[in-house]
Amino acid sequence: MTEKEKIEKFTAEKFIETYNVRFNTTFAVKEHSDNPDFICEDKNGNKLNLEATLTEDRDNDIKAALGRSEHRNFDYVKKHGMGPASALSGNVMEHAYERILEKMSKRYGTNVALVVRDASPLEWDWNMCLEELKKKLENVSNPFDKGVWILTISQDQNKIFQVL
């Protein structure tokens, strides 16, 4: 399994774990697929398929977290600065919007949810901008009949926010 597939699998497992608690369901990740990324099934044979992607606060944050960019290391920041601060209602939401829009241009079949994993080190309260994000997406064709979700993972509690 590639690094990308491992990250997607971890994302799918954390989403299903959180989704099951919230909706009192029994879904489990059954297999990796290409389109969508994961096939999930509950104890009754119901399907919930997942397409997974990540979002970041600023360009290259995910690369930095994976050790592929120096833009967040101390020496680089001392020399070049961090750049503008991140704001949920600004660049953070815009990154999420762009990732969602990119995924919505493809077709994945039925019983599919898009899971956007928030890779930010900050614990954003996505409820603060969900209405704005929904409004930006209202005229876009949505191939995700099981919803578009944002997943935040923290030490205390994972959370899911339904965008659409």
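Visitor: Which residue stands opposite Ile 160 in β6?
Guide: Leu 151 does. Keep in mind that this is a predicted model.

Visitor: And how do β5 and β6 run, with how many bridges?
Guide: Strand β5, residues 148–152, runs antiparallel to β6, and 4 bridges join them.

Visitor: Let's zoom out. In what order do the strands of the sheet come?
Guide: The order is β1-β2-β3-β4-β5-β6, giving an open sheet of 6 strands with mixed pairing. At the edges are β1 and β6 (159–162), each of which pairs on one side only. From one strand to the next, the twist averages 35°.

Visitor: What holds strands of a sheet together, in general?
Guide: Backbone hydrogen bonds pair them, in either a parallel or an antiparallel way.

Visitor: Back to the β1 end. What joins β1 to β2?
Guide: A hairpin does, through 5 residues. The two strands, β1 at residues 28–32 and β2 at residues 38–41, are antiparallel and joined by 4 bridges. Within that pair, Ala 28 stands opposite Glu 41 in β2.

Visitor: Which residue in β3 is opposite Phe 38?
Guide: That would be Leu 50. Here too the strands run antiparallel, with 4 bridges between β2 and β3, the latter covering residues 47–55.

Visitor: Which residue in the hairpin of β2 and β3 takes a positive phi?
Guide: Gly 45, with phi near 90°. That hairpin has 5 residues between its strands.

Visitor: New topic: where does helix α1 lie?
Guide: Helix α1, residues 3–23, lies across β1, β2, β3, β4 (112–118), β5 and β6. It runs at about 120° to β3.

Conventions:
Residues are numbered from 1 along each chain as its sequence is written. This is a predicted model: local features need pLDDT of at least 70, side-chain atom pairs count only at pLDDT 80 or more; totals for chains, interfaces and linings use all residues. Side-chain values use heavy atoms; hydrogens and water are left out. Two strands pair if DSSP finds at least two bridges between them. Axes are lines fitted to C-alpha atoms, for helices over the stretch in contact, and angles run from 0 to 180 degrees between N-to-C directions. Contact means heavy atoms within 4.5 Å.
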